[in-house]
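Please look over the sequence and the model first.

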Amino acid sequence: MRFDHVGVATRDTADLADLFDGLLDAPVAHEETFDGMTVVFLELDGGGYFELLEPREGGAIADYLDREGPGIHHVALATDDLPAALARARELGVDLVDEGPRPGAWGHEVAFLHPRSTGGVLVEFVEH
């Protein structure tokens, strides 16, 4: 496992991307509309990304923003074997949001672990 990105829920990806680019010298590496939201990946020098998530319609991120406000939504870790990572989580008694891989942004397969089992942190596994 290695750090991949931190997902940040926002109501305005453009403004936040401009801020983080100026603040962190983190240019846009990828942008797409996916699953009812705008997703913008900002590349960090030295590896990893900030993933900005702005809802375009209802859904999990819209609900999160209504409930929690803008901020860190999840932490993503890259794995070379997503099914094996999920099996290990199951063996450790971790509650899974996704029982198996599903399509994620940028064409990657992803799966989430429930925060009630991970110290209050929504963890995403990403397979590139």
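**Surface patches and a buried alanine**

Helix α1 (residues 13–24) supplies the largest share of the negative patch, three residues; helices are DSSP runs of H or I with at least four residues, strands are runs of E with at least two, and both are numbered from the N terminus. The model is predicted, so local features need pLDDT of at least 70 and side-chain atom pairs count only at pLDDT 80 or more, while totals for chains, interfaces and linings use all residues. Residues are numbered from 1 along each chain as its sequence is written, and side-chain values use heavy atoms, with hydrogens and water left out.

Negative patch
- Asp12, Asp15, Asp18, Asp21, Asp25, Glu43 and Asp45 form this patch on the surface (patch residues have over 30% relative accessible area and no salt bridge; like charges are joined within 9 Å, nonpolar side chains within 5 Å).
- Glu43 belongs to strand β3 (residues 37–43).
- Glu43 counts as partly exposed because its relative accessibility is 40% (buried is under 20%, exposed over 50%, partly exposed in between, with a 1.4 Å probe and protein chains only).

Nonpolar patch
- Leu19, Leu23 and Leu24 make a nonpolar surface patch of about 290 Å².
- Leu19 is part of helix α1, and its relative accessibility of 47% makes it partly exposed.

Ala89
- Ala89 sits in helix α3 (residues 82–91).
- Ala89 counts as buried because its relative accessibility is 5%.
- Leaving aside neighbours within four places in sequence, Ala89 is in contact (heavy atoms within 4.5 Å) with Val94, Leu96 and Leu113.

Key:
Accessible areas come from the Shrake-Rupley method with a 1.4 Å probe; for residues, only the protein chains shown count as cover. A salt bridge is a side-chain nitrogen of Lys or Arg within 4 Å of a carboxyl oxygen of Asp or Glu. Lys and Arg count as positive and Asp and Glu as negative; His and the chain ends are not counted. The place of a charge is taken as NZ of Lys, CZ of Arg, CG of Asp or CD of Glu.
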